[in-house]
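Here is a short briefing on one protein model. Keep the structure open as you read, and find each element as it comes up.

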Amino acid sequence: MTSTDADNGDGMCEDPEGTRYLDDYNAAESLPDMFEVVKDIVECELGRHRAGLMLGFVDLGISHGGFVGAYFVVGGNAIVVNRTALAAIRSRQPELAKPYQFYLLLHEFLHAVGILDEAECRATAAWLSAKTLGENHDVTRISRDFGAIFRNIIQPGYGYIPPEDTTMEIISGFDRSSVNYIY
Ligand SMILES: [Zn+2]
């Protein structure tokens with residue numbers, strides 16, 4: 001893992017108060033808002049970026065063996081979130097819905113910028129969230145112990161929830177800053 005504090009020269013990564021990421025996280029209300037913070041973190045802390053991603057929702061269900069929160073199609077350009085699992089977390093532990101979604105975006109975006117190895121991706125997400133949001137932040141807790149935290153919410157007694165609708169819902173306006181990048 002390489003970590004260089006990158007700044008593209010326009011001052012966007014400056015953080016004199018040291019709370020910029022946390023302030024932006026707290027202000028974020030929607031997935032597109034959260035995605036802006038994720039991209040900012042990855043750009044400023046890792047010096048990596050990628051533009052033009054889409055966000056899709058699809059029902060992937062939940063099984064006894066666990067669930068897929070989201071995935072990134074390698075070679076594609078979409079982060080796909082499991083609507084079934086998100087709905088379960090929203091209804092059973094709503095206070096974790098935001099950090100859960102933020103973690104999914106961070107994790108999948110790290111794949112999107114080329115960290116394909118799963119263990120490296122998880123370790124990078126944990127390190128980044130601790131550094132930028134704090135050691136005890138919910139996103140950091142989730143990034144360190146995703147399985148244990150959500151298994152308890154989703155698993156006992158609920159059994160397999162099969163996908164209801166396999167059509168993908170695309171969120172428009174997801175990658176707002178794409179137009180600012182020049183390739
Ligand atoms: Zn992954």
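In what order do the elements of the protein run from the N terminus on? They run α-α-β-β-β-α-α-α-α-β. In total, the secondary structure comes to six helices and four strands. The model is a predicted one.

**Overall picture**

- The protein has 183 residues, and 32% of them count as buried.
- Take the contacts in the protein with a separation of 6 or more: residues 24 or more positions apart account for 67% of them.

**The sheet**

- Four strands form an open sheet, and their order is β2-β3-β1-β4.
- The pairing in this sheet is mixed.
- The edge strands are β2 (70-72) and β4 (169-171), and each of them pairs on one side only.
- On average, neighbouring strands of the sheet are turned by 25° against each other, direction ignored.

**How the strands pair**

- β2 and β3 (residues 78-82) run antiparallel and are joined by three bridges. In this pair, A70 stands opposite V81 in β3.
- β1 and β3 run parallel, with five bridges between them. Here V58 stands opposite N82 in β3.
- β1 and β4 run antiparallel, and three bridges join them. G56 stands opposite I170 in β4.

**Helix α1 against helix α2**

- Two packed helices are described by the angle between their axes and the distance between the axes.
- The axes of α1 (residues 20-27) and α2 (residues 31-46) come within 9 Å and cross at roughly 165°.
- Angles over 145 degrees count as roughly antiparallel, so α1 is roughly antiparallel to α2.
- α1 passes α2 in a left-handed crossing.
- Y21, D24 and Y25 in α1 meet V37, D40 and I41 in α2.

**Helix α2 against helix α4**

- The axes of α2 and α4 come within 9 Å and cross at roughly 45°.
- Because of that angle, α2 is oblique to α4.
- This crossing is right-handed.
- On the α2 side, the residues that meet α4 are L31, M34, F35, V38, K39 and V42.
- On the α4 side, their partners are Q101, F102, L105, L106, F109 and L110.

**The nonpolar core**

- In soluble globular proteins, nonpolar side chains tend to be buried together.
- How many residues does the largest nonpolar core have? The count is 42.
- Which residues have the most contacts inside this core? They are V38, I79, Y103, L105 and L106.
- V38 is also one of the α2 residues in the meeting with α4, where L105 and L106 take part from α4.
- Y103 touches A125, V139, I142 and S143, not counting residues up to four places away in sequence.

Notes. Residues numbered from 1 in each chain as written. Predicted model: local features only at pLDDT ≥ 70, side-chain atom pairs only at ≥ 80, totals over all residues. Core = buried A, V, L, I, M, F, W, Y, C linked by C-beta atoms within 7 Å. Buried ≥ 20, exposed ≤ 12 C-beta atoms within 10 Å, placed from the backbone. Contact = placed C-beta atoms within 7 Å. Pairing = 2+ DSSP bridges. Helix = DSSP H or I, 4+ residues; strand = E, 2+ residues; numbered from the N terminus. Axes fitted to C-alpha atoms, helices over the stretch in contact; angles between N-to-C directions. Parallel < 35°, antiparallel > 145°, perpendicular 65-115°, else oblique. Left-handed = near helix turned anticlockwise from the far one by under 90°.
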